[in-house]
Amino acid sequence: MPQTTLAGGFADPPQDAAQAFRGIMQAMARPGRIETVGGVRPPAPLSVAAATLLLTLCDPDTGLYLAGACDTPAVRDWITFHTGAPFVAPADATFALGAWHDIDLSVLPIGTPEYPDRSATVIVEVPNLTHGGAKLRGPGIKDIAMLNLPDLPALQQNAALFPLGLDFFFTSGADLAALPRSTKVT
Amino acid sequence: MDGSSDPNAPRKAWLSLLARSAPADVARLWEAAGLAPAHDVLRAPEIGAVMVRGRAGAVGAPFNLGEMTVTRTTVALTGGIVGHGYVQGRDKAHATHAALIDALMQTDAAAGIESAILAPLRDAANTRRDARAKRAAATKVDFFTVARGED
């Protein structure tokens, strides 16, 4: 087994994961804000930010769905070694990871009226993140925030489902931004 | 499951032996063997708890027996061979020794490790088990019915 499949986790897991969690929380609390996270060296094609999210948030209780090009044996081995998260079908996923066009949002769980938290968090790998394009309004945003989003109608549809719906992270390199279901996009 | 058809059976056997052996025995034999392979630590030794599960009579419904403390670590030799160490208790050096032995057992050094470290550990484990069995056997009660001659 080549060493690269397993190397590249957090060097000091408690401290690195806490710092990464802080960045992830800030991004989710302030939609549209771009945070830089790191500390891991994932196998291709995972981005550093997406891998940091997985190592920080996934454990054996969170089912993970890998879509499209992300679903390689090297990625699966690496995630299993570092998190123990099981790989599941999209309908059972707690986290879904992939490029925007590889993920079918309609089959991911959006929660139930009694338990809206039983929904999936989608990690979308995008080519770049900039403060431009779509306008974001809602909790955590003072007036208006800007973020380049891949597909406006689908995200507007998701926001209309509130309190149900999906939460999104967008990752590119070491940068990540978040779009919770409570944010209105135009 | 048929143990003889499992390709991982030998590895399971030595990992099981290392997990159950006394940390002091493993450390002593490791020092005596004089091995110091260059390696990277993929997962630093960490202490946690695992749920031990059992089945009544080995065929009943599974139940949770209780939690036990384990220490685990993972190392990679310079050649890229990965060794895992999962041992009972909270001795981090024990886990590191187990991981290094697991990695070396997948290399050409296997025969040397087998005779210098694993064989003595296996003897110690057998001695421990026999002593325990003997102690238990002394308390065994044989029930039998004496013919009472009522006819």
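**Close-up views of a predicted model**

**View 1. Helix α1(B) passes helix α4(B) in a left-handed crossing.** A crossing is called left-handed if the near helix is turned anticlockwise from the far one by less than a right angle, and right-handed if clockwise. The axes of α1 (residues 9-20) of chain B and α4(B) come within 10 Å and cross at roughly 65° (axes are lines fitted to C-alpha atoms, for helices over the stretch in contact, and angles run from 0 to 180 degrees between N-to-C directions). Trp14(B), Leu17(B) and Arg20(B) in α1(B) meet Leu118(B), Leu121(B), Arg122(B) and Ala125(B) in α4(B), where contact requires C-beta atoms, placed from the backbone, within 7 Å. The residues of this contact divide into five nonpolar, no polar and two charged.

This is a predicted model, in which local features need pLDDT of at least 70 and side-chain atom pairs count only at pLDDT 80 or more, while totals for chains, interfaces and linings use all residues. Residues are numbered from 1 along each chain as its sequence is written, and chains are lettered from A and ligands numbered from 1 in the order in which they are written.

**View 2. Helix α2(B) passes helix α4(B) in a right-handed crossing.** From α2(B), Asp25(B), Val26(B), Leu29(B), Trp30(B) and Ala33(B) meet Ala116(B), Ile117(B), Pro120(B), Leu121(B) and Ala124(B) of α4(B). Nine of the contact residues are nonpolar, none is polar and one is charged.

**View 3. Leu97(A) belongs to the largest nonpolar core, which has 72 residues.** Such a core is a set of buried Ala, Val, Leu, Ile, Met, Phe, Trp, Tyr and Cys residues joined through C-beta atoms within 7 Å. Among the members that touch the most others are Leu53(A), Phe95(A), Leu97(A) and Val122(A). Leaving aside neighbours within four places in sequence, Leu97(A) is in contact with Ala50(A), Leu64(A), Leu66(A), Ala67(A), Cys70(A) and Ile123(A).

**View 4. Ala134(A) lies in strand β5 (residues 134-137) of chain A.** Neighbours within four places in sequence aside, Ala134(A) is in contact with Leu147(A), Leu149(A), Leu152(A), Val185(A) and Thr186(A).

Technical notes:
Buried ≥ 20, exposed ≤ 12 C-beta atoms within 10 Å, placed from the backbone. Contact = placed C-beta atoms within 7 Å. Helix = DSSP H or I, 4+ residues; strand = E, 2+ residues; numbered from the N terminus. Nonpolar A, V, L, I, M, F, W, Y, C, P; charged D, E, K, R; others polar.
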